[in-house]
2 protein chains.
Amino acid sequence: MKLYDYPGAPNPRRVKIFLHEKGLAYEAVNCDMAKGEHKLPAFLEKNPSGKIPVLELDDGRCLAESVAICRYLEAIQPEPNLFGRDPFELGHIEMRNRQIELELWTQVGVSWVNGPIVTKMWQVEPNTRAKRASDANVRRYHERLDHEFGQSDYVAGGRFTVADISLISAIDFGAKLVDLQPDEGLENLWQWHARVSARDSVKNN
Amino acid sequence: MKLYDYPGAPNPRRVKIFLHEKGLAYEAVNCDMAKGEHKLPAFLEKNPSGKIPVLELDDGRCLAESVAICRYLEAIQPEPNLFGRDPFELGHIEMRNRQIELELWTQVGVSWVNGPIVTKMWQVEPNTRAKRASDANVRRYHERLDHEFGQSDYVAGGRFTVADISLISAIDFGAKLVDLQPDEGLENLWQWHARVSARDSVKNN
């Protein structure tokens, strides 16, 4: 299978970490977003939303959306389990993953599209009011996470799951490219960060 | 089990349609959002994100996030299947559901929080630039859907799934409360709307 990827992009990173955890081999195909290759007709046939990552199977069928790709991978390679085993755990991990996505990722995204890199590249005026709000939401979510990591080692409880993959990708992207590094005083959050960053899958992707 | 609900709110509606499709009984508990009950300490213990719906199990454990609740319900009551059966279908339905959420729901949400109802209730100035962009994104997504429903009867292919529940809730909420009814000329989209609205689960919730 092929993974359409762009080095440094946070969503493909989620899938690459997931693939590494599963021990699955794949061919990475570079889709140069800086050149707009993800908006060309040939790519839009694979994903009409014009986004990466996309997983292309050997029979040519394609899947987009990071978590959708990961669900497919969990189904073809169930171990190590990253989405939950019993009904409550399946719901709980989905809930935690969605909270990271809907309350942190979305806000990092607003700060990103209204930050200097994107507004300069697209030559548009930033929506500064929206960015002020999203920056504050990110900071507030970091504090919530720090509180939660005082009670559990991983996002969804006592073990590493897909929700940790979503979080490490959001935190690292926010810190490197959106100038939203968590405050040094958030010790529980930084301990979690060290714990997860020590994994081979995270170090190598 | 109990479902914390607020009549008219679109996310609890998704879960109520899902419960109806599964034939599962539950007790609806009113959480009066207009009075801010979803932000009170007793509710935040159930869901620190301060949002509805929340499903409370008979043993007191709680699940938030509509799709997470639905995944739990799918696991305890597998039929009728609404999330997919084989690996590709599991990924495909997740992808389609996420596209509806990330490309349509989020934009309806921006129009909602910057629309007259919310800005009057919260006594804040709307971010008119953000609303103009989200209104346009919603209209554009309606056109994409109309094109897609020329090729398949339901969001994720030939049968009704969780992705149709997400879409009907987004479309109806946008039409009733955000003044973003799909254009009359989008016939394929309206045919899908009639097809899905004829279901008992949708009619009664």
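Trainee: How many residues of chain A are in contact with chain B?
Mentor: Keep in mind that this is a predicted model. Contact here needs C-beta atoms within 7 Å. On the chain B side, 26 residues take part, and they meet a chain A set of 26 residues.

Trainee: Which element gives the largest share of the side of chain A that touches chain B?
Mentor: Elements giving two or more residues to that side are β4 (62-64), α3 (66-76), α4 and α6 (128-148) of chain A. The side divides into 13 nonpolar, six polar and seven charged residues. The largest share is eleven residues, and it comes from α4(A).

Trainee: Is helix α3 (residues 66-76) of chain B largely enclosed or exposed?
Mentor: Buried residues of α3(B) include V67(B), I69(B) and L73(B). They pack against α4 (87-113) of chain A, and against α1 (10-22), β3 (54-56), β4 (62-64) and α7 (162-177) of chain B. Nine of the eleven residues of α3(B) are buried, so the helix is largely enclosed.

Trainee: Within what arc do the buried residues of α8(A) fall?
Mentor: In helix α8 (residues 187-197) of chain A, L189(A), W192(A), H193(A) and V196(A) are buried. Their cover includes α6, α7 (162-177) and α9 (200-203) of chain A. On the other side of α8(A), E187(A) and A194(A) are exposed. The buried residues line one face of the helix, because seen down its axis they fall within an arc of 105 degrees.

Note on methods
Residues are numbered from 1 along each chain as its sequence is written. Chains are lettered from A and ligands numbered from 1 in the order in which they are written. This is a predicted model: local features need pLDDT of at least 70, side-chain atom pairs count only at pLDDT 80 or more; totals for chains, interfaces and linings use all residues. A residue is buried if 20 or more other C-beta atoms lie within 10 Å of its own, exposed if 12 or fewer, and partly exposed in between; C-beta atoms are placed from the backbone. Helices (H or I, at least four residues) and strands (E, at least two) are DSSP runs, numbered from the N terminus. Two residues are in contact if their C-beta atoms, placed from the backbone, lie within 7 Å. Ala, Val, Leu, Ile, Met, Phe, Trp, Tyr, Cys and Pro count as nonpolar, Asp, Glu, Lys and Arg as charged, and the others, Gly among them, as polar. The arc is that of the directions from the helix axis to the C-beta atoms.
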